[in-house]
Amino acid sequence: MTADSRLDAPPLSTADLDDRQPGGVWPPTPAMLAEPTDPHLAAAQAERLNAAWALPRGWRYITAVNNAEVGKWYALAAFGFMLAAGVLALLIRVQLAVPDNDFLSADRFNQFFTMHGSAMMFLFAVPMFEAISILLLPAFLGTRDMPFPRLSAYGFWCFLIGGFFVLGSLLFDAAPSSGWFMYPPLAIEAEGVGSDIWLLGLSFIEVASIAAAVELIVGVIKCRPPGMRINLMPLYAWYVLVVGGMILFAFPPLIAGDFLFELQRSMDWPFFDPERGGDPLLWQHLFWIFGHPEVYIIFLPSIAIAAMVVPTAAGRPIVGYSWIVLSAVGTGFLSFGLWVHHMFTTGLPSLSLGFFSAASQAVVIPTGVQIFAFIATLMVGRVRVILPTLWIAGAVAVFTAGGLTGVMVALAPFDWQVHDTYFIVAHLHYTLFGGMIFPVIGGIYYFYPFITKKKMSERLGRWSFWLTFAGFNICFLPMHLTGLLGMPRRVWTYPGDLGWDWLNLISTVGAFVLASGILIFAWDLIRPKRHQPLTERNPWNAGTLEWAHEVPGQAWSPRSIPYITSRYPLWDQDRIVQRMDAGRFYLPDAPEGHRETIVTSAVDAIPQVAARVTGPAWCTLVAAAFTGGAFILPTFKMYVPAVLCGIFAIASVIWWLWTATARIPEREMRDVGLSLRLPTYVSGSKAPGWWAVFVTMLGDATAFASLVFGVFFYWTARPDFPPPGMPHADPGLTAAAAALLAATWGATRIARSVHRAGRVRAARALLAAAPLMSLAGAAALVGAVWLPGLEPSSHVYPAMMWALVIWTTAHVLCGTIMLAYCLARSLAGRMLPRFDADLWNTTLFWHFLGVTCVVTAAMIGLVPRVM
Amino acid sequence: MHWPHRYSSLWHMIAAPIVWAIHFCTVYGWTAAVCARADAPGAARFGTGLATLVALAAIAWLGWHAWLQWDYRPHDPRLHDVPTTEARREFLGHAAWLLAGVSAIGVIFVALPAIFIESCL
């Protein structure tokens, strides 16, 4: 056996230099797996396990955090928002059915198309990916739950509150009306609270998206079942990993953009105002650095569903597993090099346009590879035309058509002709329907027996498909022509006799046919099925682990967590389902009544820890409600209540962490079954929490990098940046801030080492000094821009310097709270040298924060003087 | 053969696309700066060419190592779907090799406009 498949792999960090290492037998022998379990013992274990994972009853049901419940709520909420956005689309189509129509007023029409796009993107497409992943990923991986169930619940409640807030604004005639990409100066000049609702409401939802991304990445990396090496992982998990990574690099630029935009809306700092040195194009860059990868963030997880359905339909393993991994990873990267193709008409140098045009062509290669891999799998297999296959086939047809028009509009000269016309509307709906709606509905037909243990109707499903498919093409195919005939997007109405009349009428008819198909699906989804028999366990005869589910369902998910040796365990592994049911595999018991799951190594899935998982709680709901207040109240300029809400939100999160995370276990080691003993506590890079901090901070660093990009953008785009004669930040205070914050960083790092070495008193002294130094550093940073009189509303240069300082100061305050938290944990006896995960995570946070502070000091103190 | 730790690393697998990303940012940033500040298309195109050569060399080096890691032999089944360290290492090598190919194509595509477009307008 080679070194990296053993339990006692060589230590990679000092956190591993510990006597609490996994021990016993690994991997399990066939004889051990074949040994029968004692039925009496198994029954007692099942009872304890059930008690640990039981759902809260009655009205406490809403405190549930089990992934199956949160995933269902999440998916239904996203679907509900989708239906609402669909109704808006129908009203838009009614208005456009005939020329010179006055069914909707111009302003209401603007609100409707803005909210149609925003809701479909932010309230449906991305949340639907998170919902489906939370619902299904643990089952794909044969594990009990996501690593941070309460984080999923918190994300869901944030999403729900934010969604109702943003969509509800329509009822008060106060919705945003400047288009879903909110271009300045229109969106800045827009009167009323519409733009603020968009900026703050959707930033709030983006927080939920990033929370889900953290959860899903850590879930894929650390919560795979023992033995499921990275080359055996279901393809869905590969896509989740890629998409999670993309969210981390795509959403933060938009959050940074929202931050600047809201500063301009509320405080008149001129980031996008050319008269005071700003530039509206910066928003377009930040928006589309988010907006284009976003399209692939929607597309990849949906095509991942196809990657799960296609092998089942073909009755054989996928062809070209490595090629599909290449495709997912390659698309994930290349999709970040396309954003300027939304800006071909903004007058950038044609050389720059060429780069983005070329990258837009190149992304077709990996995207095409996966389609060919699916077709190859279907060709070499024996295809059964099950209902989900029909929807997947529709998806491939529609998406390919959208991809081809995509190649056309990736050519800058062609785009100049059709930019902002209905040709683009047709193209984007072909890609999004083919890339998202069709595969997702196919996936719901496929996974419905897993989710509800009942089946949907075959007959209604076929009706729904053909109406949707026909209606879609009747609606959107003519739009290519409408666009080529010159009809611009987002116009409220149009005069007759331009050749657009009959095309628009056909589109409207098609929209209603499409809607009837979706309605049939919606009815089939929610119609009562009480008298219908339960489904068989594996209705499609699939090979992946989710079909080992129990019918009727159990709160514990798998009875025991299996040992995996194949990509299609249900096809290849001997009696795996019976052994899972019998409790033959890992963690068949909950002796202390805790929720637990097995954490494994990132690449080879070697068991590392039996980690506790959090259970039902009110604190997630309370935290979500106050976080909502902190984002929503500033819309109405209620800043004091907003700050109070922010403080309460932080307090509820601290309470949540204090009571439920990094708890010192009753026993340091635990027998998890099959003669394997695992530690129950771990800190550093083996711990899911450490990974969560790492992943979150990668996203945070991206947002910060976007602000730094802003400084250089103004420098290249504007001749007067920084303007001559304008004061710079105070050099002495900037240097003092850098020194103090770097010292805090160092003190935190040293505290971790001396604490681990058992010198608790020294560690506490450092942890007491560090917050003081960090606060002094933050004060020096603010003083550096305040004292020389940098006036942020006078010009974009001081505004940008202030924005960097505000961003960094807010983070320093957060880092200060974390240091104080560690000190309090130590004083309360909740953090000991052998149980120091809090300190490891805080140190990791400060590694990122330290770099942020040093870069900020350089950006305000050094760089402008060089420019 | 002895395989160092990096051959079990996911970061190693995505090294070539990271080179693509760095190349893309360099070329875009350099062109934007030179065109906006100096209106010097010659410098923009020369810098693009230089960055492209460096990037292609790096991708070739990474691709060669990925090829070795893949350990391709024409008559073996190449599914990498068994639960062994070798299969996992060869799978990561194969994926890295394919990604090196796509990254090289991406770099060449992105560099092509600099051959054909001779102005900053």
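Two strands are taken to pair if DSSP finds at least two bridges between them. The legends below describe close-up views of a predicted model.

**View 1. The antiparallel pair β2(A) and β3(A).** Strand β2 (residues 596-600) of chain A is joined by 5 bridges to strand β3 (residues 607-612) of chain A, and the two run antiparallel. At one position of this pairing, A:T600 stands opposite A:P607 in β3(A). The two strands form a hairpin, with 6 residues between β2(A) and β3(A). Within the turn, A:A605 has a positive phi of about 55°.

**View 2. Burial of strand β2(A).** Of the 5 residues of β2(A), 5 are buried, so the strand is largely enclosed by the rest of the structure. Both faces are covered. On one side lie A:E596, A:I598 and A:T600, and on the other A:T597 and A:V599, all of them buried.

**View 3. The open sheet β1-β5-β4 of chain A.** This sheet has 3 strands in the order β1-β5-β4, with antiparallel pairing. The strands β1 (23-24) and β4 (669-673) of chain A stand at the edges; each has a single partner strand, so one side of each is left without a neighbour in the sheet. Strand β1(A) is connected by 2 bridges to strand β5 (residues 676-679) of chain A, and these strands run antiparallel. The bridge partner of A:G24 in β5(A) is A:L676.

**View 4. The contact between domain 1 and domain 2 of chain A.** Chain A is divided into domain 1 (70-526) and domain 2 (695-866). The C-alpha centres of these two domains lie 36 Å apart. In the contact, 25 residues of domain 1 of chain A meet 25 residues of domain 2 of chain A. On the domain 1 side, α7 (194-222), α8 (235-267) and α9 (280-314) of chain A each supply at least two residues. The largest share of that side, 9 residues, comes from α8(A). By class, the side of domain 1 that touches domain 2 comprises 19 nonpolar, 3 polar and 3 charged residues.

**View 5. The contact between chain A and chain B.** Chain A contributes 37 residues to this contact and chain B contributes 39 residues. Helices α10 (321-334), α11 (350-362), α12 (364-380) and α22 (688-717) of chain A each supply at least two residues of the side of chain A that touches chain B. The residues of this side of chain A divide into 20 nonpolar, 13 polar and 4 charged.

Key:
Residues are numbered from 1 along each chain as its sequence is written. Chains are lettered from A and ligands numbered from 1 in the order in which they are written. This is a predicted model: local features need pLDDT of at least 70, side-chain atom pairs count only at pLDDT 80 or more; totals for chains, interfaces and linings use all residues. Two residues are in contact if their C-beta atoms, placed from the backbone, lie within 7 Å. Helices (H or I, at least four residues) and strands (E, at least two) are DSSP runs, numbered from the N terminus. Ala, Val, Leu, Ile, Met, Phe, Trp, Tyr, Cys and Pro count as nonpolar, Asp, Glu, Lys and Arg as charged, and the others, Gly among them, as polar. Domain bounds come from an automatic or database domain assignment. A residue is buried if 20 or more other C-beta atoms lie within 10 Å of its own, exposed if 12 or fewer, and partly exposed in between; C-beta atoms are placed from the backbone.
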